[in-house]
Amino acid sequence: MRFNEDAELDSSQVSDQRGVGGRVALGGGGLGVVGLIIYFLVSQLGGGGTPLPPSGFGDVGQDQQVGSQAIAEKCRTGADANRESDCRAVALINSVQAYWTDQFAASGRGYQEAQTNFFSGGVRTGCGNATSASGPFYCPADGEVYIDLTFFQELQQKFGATGGPFVEGYVLAHEYGHHVQNLLGTSEQVGRGTGPQSGSVRLELQADCYAGAWANHATTTPTESGKPLITGVTQDDVNAALDAASRIGDDYIQRELGGGHVDTTQFSHGSSAQRQKWYRTGFDTGDPNRCNTFQTDNLG
């Protein structure tokens, strides 16, 4: 996967808090790969964004937003995204949000853009406090996405995922799937809890499906510059995304990283096979309307 070198990037969709303190959240609805391990150990991950006590990370003031200014100067075009990993994330975010802007407009709605916050170590949000170990997540209380970009390395090194730009797109598009659920009111209507048929699992699988739908349109969705940002998606890219989905299934994590015993009653994100199925459903159809995981008994 490559980016159109002439396409302009919109860095205003990103707040870069790395190295300038942090605002520290454990919100529900993230991929939360490392956090899932914590969940199986202490039964804490997968909640609905209940605020946690502050963890000692200071708020970022206006005079500290130097990271965002640096991103704006560094990440201007698709050419920058082809060279720099953080600019690549900016480009992927731009593409995902452009896709949902078009989808909402087609159904007569207005899409509200969500900020993505790059952080390292820890961050404070409207949902509470978290460290990088929580993995990427979306906070419904403030409507923003949070990610420590080193997560992408961890996904390869600890979980054995193939990795690559299209995998990073899957991760970010999944989190924006939760933003869409928040905008549509889906999240509020779904009960929580755990288990293979739980509302939590259905929410996560729908977010996977939404990510697949974006991926289907990634090379044809224009941003404000009028040009699609993404070019040259290959079958290897799609395979890498499916491989990542298999590495973050509840069963895989429990078996490979949580002691070897698979307990389906503790499922909060879905099995590897389910996550692959619903990402594939979104990708094959390109239709987010086919992502209604709440009206089927066959989750996969």
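Are C209 and C291 buried or exposed, and which disulfide do they form? C209 is buried, and so is C291; a disulfide joins C209 to C291. The legends below describe close-up views of a predicted model.

**Figure 1. The disulfide of C209 and C291 in the predicted model.** The sulfur atoms of C209 and C291 are 2.1 Å apart. The torsion about this S-S bond is about -70°, so the disulfide is left-handed. C209 belongs to helix α8, whereas C291 lies in the segment after α11 (272-285), so the pair ties together parts that are 82 residues apart in sequence. Both C209 and C291 are buried.

**Figure 2. The disulfide of C75 and C87.** The structure holds 3 disulfides, and one of them is formed by C75 and C87, with 2.1 Å between the sulfur atoms. The link of C75 and C87 is left-handed, with -75° about the S-S bond. This pair links distant parts of the chain, 12 residues apart: C75 is in the loop between α2 (66-74) and α3 (78-83), and C87 is in helix α4. C75 and C87 are both buried.

**Figure 3. The disulfide of C127 and C139.** In the disulfide that C127 and C139 form, the sulfur atoms are 2.1 Å apart. The link of C127 and C139 is right-handed, with 105° about the S-S bond. C127 is in the loop between β4 (122-125) and β5 (128-131), and C139 is in strand β6, 12 residues apart. C127 is buried, as is C139. With bonded cysteines counted along the chain, the disulfides of the protein chain follow the pattern 1-2, 3-4, 5-6.

Figure 4. Strand β3 (residues 116-118) and strand β7 (residues 144-147) run parallel and are joined by 3 bridges. F118 has I147 as its bridge partner in β7.

**Figure 5. The aromatic pair of W100 and Y210.** A pair of aromatic rings is described by the distance of the centres and the angle of the planes. A search of the whole structure finds 8 aromatic pairs. In the pair of W100 and Y210, the ring centres are 5.1 Å apart and the planes are at 75°, so the pair is edge-to-face. W100 lies in helix α4 and Y210 in helix α8 (residues 199-217), so this pair ties together parts that are 110 residues apart in sequence. W100 is buried, with a relative accessible area of 3%, and Y210 also counts as buried, at 6% relative accessibility. Ring pairs link Y99, W100, F104, Y111 and Y210 into a cluster.

Figure 6. R88 lies in helix α4 and counts as buried at 17% relative accessibility. Across the whole structure, a search finds 12 salt bridges. E168 and R88 are both buried.

**Figure 7. Salt bridges of R247 with D243 and of R255 with E256.** The side chains of R247 and D243 meet in a salt bridge with an N to O distance of 3.2 Å. R247 and D243 are 4 residues apart in helix α9 (residues 235-247), which means that about one helical turn separates them. R247 is partly exposed, with a relative accessible area of 22%, whereas D243 counts as buried at 16% relative accessibility. The side chains of R255 and E256 also meet in a salt bridge, 3.4 Å from N to O. R255 is partly exposed, with a relative accessible area of 39%, and E256 counts as partly exposed at 46% relative accessibility. Elsewhere, salt bridges that share partners join D16, R18, K74, E84 and D86 into one network.

Terms used. Residues are numbered from 1 along each chain as its sequence is written. This is a predicted model: local features need pLDDT of at least 70, side-chain atom pairs count only at pLDDT 80 or more; totals for chains, interfaces and linings use all residues. Side-chain values use heavy atoms; hydrogens and water are left out. Two strands pair if DSSP finds at least two bridges between them. Helices (H or I, at least four residues) and strands (E, at least two) are DSSP runs, numbered from the N terminus. Rings of Phe, Tyr and Trp (its six-membered ring) pair if their centres lie within 6.5 Å; planes under 30 degrees apart count as stacked, over 60 as edge-to-face and the rest as tilted. Buried means under 20% relative accessible area, exposed over 50%, partly exposed in between (1.4 Å probe, protein chains only). A disulfide is a pair of cysteine sulfur atoms within 2.5 Å. A salt bridge is a side-chain nitrogen of Lys or Arg within 4 Å of a carboxyl oxygen of Asp or Glu.
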